[in-house]
Amino acid sequence: MPATIAGWRGRGCHVVTVNDYLAQRDAENMTGVYRFCGLNVAHIDQAMKPDDRKQAYAADITYCTNKEVTADFLRDCMALGTVQGAGAVILAKLAGKGDQLSSRLVQRGLGYALIDEADSVLIDEAVTPLIISGPGPNSEQLEAFTQAAVLAEGLTRGVDYGVNRRFQEVELTPDGREHLAELTADFGGLWHIGRRREEVVTKALTAKELYQAGRQYIIDDGKIVIVDDFTGRLMPDRSWRDGLHQA
C-alpha cells in the first residue's frame, strides 16, 4: 500500500532489498497488483547496462538492492561534476543544458524509498562504505605496492606485527616499525616518510593475512574481482579502498 501511494505521486518509489534475486522476484510477483492500480514496476540487477537502468528507474516503482541504488547515485554524482545541488541544476536548465545534463544520469531523483529487511540493509551491510572512483595511474605508487609485498614477507607475525581477525585489522608493533625503517633505509620516494611507509606495508600485510583467493576475491583475466561477503556473488565494478585492492 505505501509503495502504491508513493507511486501515484509520479516521482518514483524505490523498494530497497538485500539482493538481486529478491528484487527481481518481488517485482515480478507484485506486477499484477501494481498494474491493477495503474502503475508500472521494474527491477535493477547488477548486470544491467546504463540505458536499461535508466528505464527501470523511470518506472513508478523500482525494486533494487541497497548497493545498486547507492552505486548508481554515486555514478550520477560523478557525471554531474560541479553541477550538484538544486540551485546548480536550475541554473543549468535556464542555460539550456538541462537535457544534456539529464541524459548523463540513470536515476531521476530520490523521491521515496521503502526498505525491506532494514536490519540487514541499515546495520549488517552498512559497515562497508561504497566508494566510486576514477582511474589515477601512479607509477611510483605501483612500484611501492610491489615493494611492500616483498617487505611483508620479511616481517614476522607476533614480533613485527599483530593480527586482529575479529576486527579484520593488522597493526605494526614498535619493533616492527623499527625493523621496517631499517629494511627501507636505502629506498627512495615515499619510503622516507615514516607514516606513509607504514600505511603501505600494513595494507600488504592485511592482504596477506586476511584476504584469500577464492574467498574474499577471485582472479579473473589477471584482475582482482571482489566476492560479496553476504551473497557470494562477484562484484567486478567494485574495489577496496585506501590501497587494499592494489595490495
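**Sheets, strands and spaces**

Three strands form an open sheet in the order E7-E8-E9, with antiparallel pairing. Strand E7 (217-220) and strand E9 (234-235) stand at the edges with a single partner strand each, so one side of each is left without a neighbour in the sheet. E7 and E8 run antiparallel and are joined by 4 bridges, and Asp-220 stands opposite Lys-223 in E8. Two strands are said to pair if DSSP finds at least two bridges between them; helices (H or I, at least four residues) and strands (E, at least two) are DSSP runs, numbered from the N terminus.

This is a predicted model, in which local features need pLDDT of at least 70 and side-chain atom pairs count only at pLDDT 80 or more, whereas totals for chains, interfaces and linings use all residues. Residues are numbered from 1 along each chain as its sequence is written, and side-chain values use heavy atoms, with hydrogens and water left out.

The protein chain contains 10 helices and 9 strands. Of its 247 residues, 37% count as buried, where buried means under 20% relative accessible area, exposed over 50%, and partly exposed in between (1.4 Å probe, protein chains only). Among contacts (heavy atoms within 4.5 Å) between residues at least 6 apart in sequence, 61% join residues at least 24 apart.

Strand E1 is mostly covered, with 5 of its 5 residues buried. Cys-13, Val-15 and Thr-17 point one way from E1 while His-14 and Val-16 point the other way, and all are buried. E1 runs parallel to strand E3 (residues 61-65), to which 5 bridges join it, and Thr-17 stands opposite Thr-65 in E3. E1 also runs parallel to E4, here with 3 bridges, and the bridge partner of Val-15 in E4 is Leu-114.

Strand E5 (residues 161-164) pairs with E6 in the antiparallel sense over 4 bridges, and Leu-172 in E6 is the bridge partner of Tyr-161. The hairpin of E5 and E6 has 4 residues between the strands, and in this hairpin Gln-168 takes a positive phi near 55°.

On a 1 Å grid over the protein atoms alone, a cavity is a set of points where a 1.4 Å probe fits but cannot get out, and a pocket is an open set with protein on both sides within 12 Å along at least five of seven lines; lining residues have an atom within 4 Å of a point.

By the same rule the count comes to 1 cavity of 30 Å³ or more, and the largest cavity has a volume of about 140 Å³. Of the 13 residues that line the largest cavity, the closest to its centre are Asp-20, Gln-46, Lys-67, Asp-228 and Thr-231.

Key: Grid points are joined across faces, edges and corners, and a volume is the space filled by probe spheres set on the points.
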